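Open the structure in your viewer and keep the selection tool at hand. The tour goes from one selection to the next.

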Amino acid sequence: MVIWIAVFAVAVAVELIRIFISLRKDRLALQALVKRQKELKYLNFLITAAISENKSIEESFPGYLNTLRETVGWTYHSLFRLDEEKQVLPIRFTGFLPDWYMQDFATRVQVRVGDVSVGRAVSSKQPVTINVTAVDPRFTDVKSLLGHVGYQSLTCCPAIGKLRTYGGFCTYSAYKNIFTLHDTQFLLTCANLYAAILENKLLQNYLEKPALT
Amino acid sequence: MIIVLPVLALAIISAEVFLFKQRSKNKASLNRVQNLNTKLNILKSLSYVFSSKRISLKEDLEDIAASFFIQSDHRVFVLIQSGQDAQEEREVWRYKNQVINQNGQSELSTGKINKLEEYLLAQVLEKNKQNQKAGSIFQFNSWAGENLGLTGEETRWRSAVIVSLSDTVSTLGHVLFFSEKENLLDEEEQSFLSEVGGIFTMVLRKWYINNKMPLEEQFKAANIAW
């Protein structure tokens, strides 16, 4: 009888473990499902806005970045402009970054092409992901700033159009090791679409007001 | 002891039933994730069309066809560009999935609009008159009763989806997706095809501007600090 009870107890324990694993799998699948839905929703928003809005660059891009944070997530987003003459990348638009950051960092510090993360992404024309900023050798120059800005990992993607590279698009997270390959690919898609929208708006503006430019 | 054993047995059976239900639920979720991943992958591939150095609309459409057909159920897409005025002939770009050709490439045929396309487009234009908005999507599931006198490949298609390619200024054209299955699109699928339509609109707009400006002027415009 004792043996029978032991066998049953083991069977129940195995069942409980299986239920736990199954529930965990289900939770992960649901998380992935919700994430994909949010990403598609954002791409839908971006493409619809690109073809149906007639706003200027200044009006539209902060909205795109804010919506990305609201719809998909992460902590901050920023878009850097490539100044080809000086070979620097001043920050141009941010989503959810505080004002003091814009004043203290963005207006004084300009990332050089090839430096840090966004500079590397622009020069190599490939996405750059930094999983832990505190220990990354590429971040030694700006380590003093990291305590204030509150991000621990980031992914930067180049914004490349048909005619030129327009700059870089960075996404920051307050957590370490957060960016997956899927995230990087999604952010690169966003960067490609930003560049397409930007190029279209610049050409359209030039076409409409050539005398002013 | 007599009570404990049946209770334990019952607990195990209940757990098995619960796990079975959970597994089918999990499978459904995973299928949906896979489906959404496919859509995201297509959109990711399509986004590269804006940074490619292609020199004509035809080449851009070839890239779109290559990215789209790899994972989509739709067998053919037809892009019908709007003419500048009513008299001007509409340009038609018809791409077939490589599955049909078996030659490893999506096949392009241009030329005149066929009877089925003409009929469906007329339906859309009529509907659009009543409610015109960007990215309008229309689905057609049966036209057998219409006696259109279809011949050849036109008879193969059982359903079609048409997306109006409109921007803030005008309707640049329409894109028609044909399928051999009778499809009733859910909201997700409709939204996805609208996004693909949006990409077509952006590409058409790019070439519209490209045709209006010499290349050196385009570089000048692109180099303006934004």
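Start with helix H6(A) and helix H6(B): the crossing of these two helices is right-handed. Bear in mind that this is a predicted model.

To find the pair, select residues 181-208 of chain A for H6(A) and residues 215-222 of chain B for H6(B). The two helices pack with their axes 8 Å apart, at an angle of about 110°. Angles of 65 to 115 degrees count as roughly perpendicular, so H6(A) is roughly perpendicular to H6(B).

Now show side chains. Which residues make the contact between H6(A) and H6(B)? On H6(A), select Leu202(A), Leu203(A) and Tyr206(A). On H6(B), select Glu217(B), Gln218(B), Lys220(B), Ala221(B) and Ala222(B). Coloured by type, the residues of this contact divide into five nonpolar, one polar and two charged.

Next, widen the view to both chains. The size of an interface is often given as the accessible area lost when the parts come together. Here, about 5500 Å² is buried between chain A and chain B, and carbon and sulfur atoms give 69% of that area. The contact involves 59 residues of chain A and 59 residues of chain B.

Which residues of chain A lose the most area to chain B? Select Ile51(A), Lys162(A) and Tyr206(A), which together account for 14% of what that side buries. Tyr206(A) was already selected in the helix contact.

Last, select Arg18(A) and Glu16(B). They form a salt bridge, with their closest N and O atoms 3.0 Å apart. One salt bridge is found across the interface of chain A and chain B.

Note on methods: Residues numbered from 1 in each chain as written. Chains lettered and ligands numbered in written order. Predicted model: local features only at pLDDT ≥ 70, side-chain atom pairs only at ≥ 80, totals over all residues. Heavy atoms only, no water. Axes fitted to C-alpha atoms, helices over the stretch in contact; angles between N-to-C directions. Helix = DSSP H or I, 4+ residues; strand = E, 2+ residues; numbered from the N terminus. Parallel < 35°, antiparallel > 145°, perpendicular 65-115°, else oblique. Left-handed = near helix turned anticlockwise from the far one by under 90°. Contact = heavy atoms within 4.5 Å. Nonpolar A, V, L, I, M, F, W, Y, C, P; charged D, E, K, R; others polar. Buried area = accessible area lost by both parts, 1.4 Å probe. Salt bridge = Lys/Arg side-chain N within 4 Å of Asp/Glu carboxyl O.
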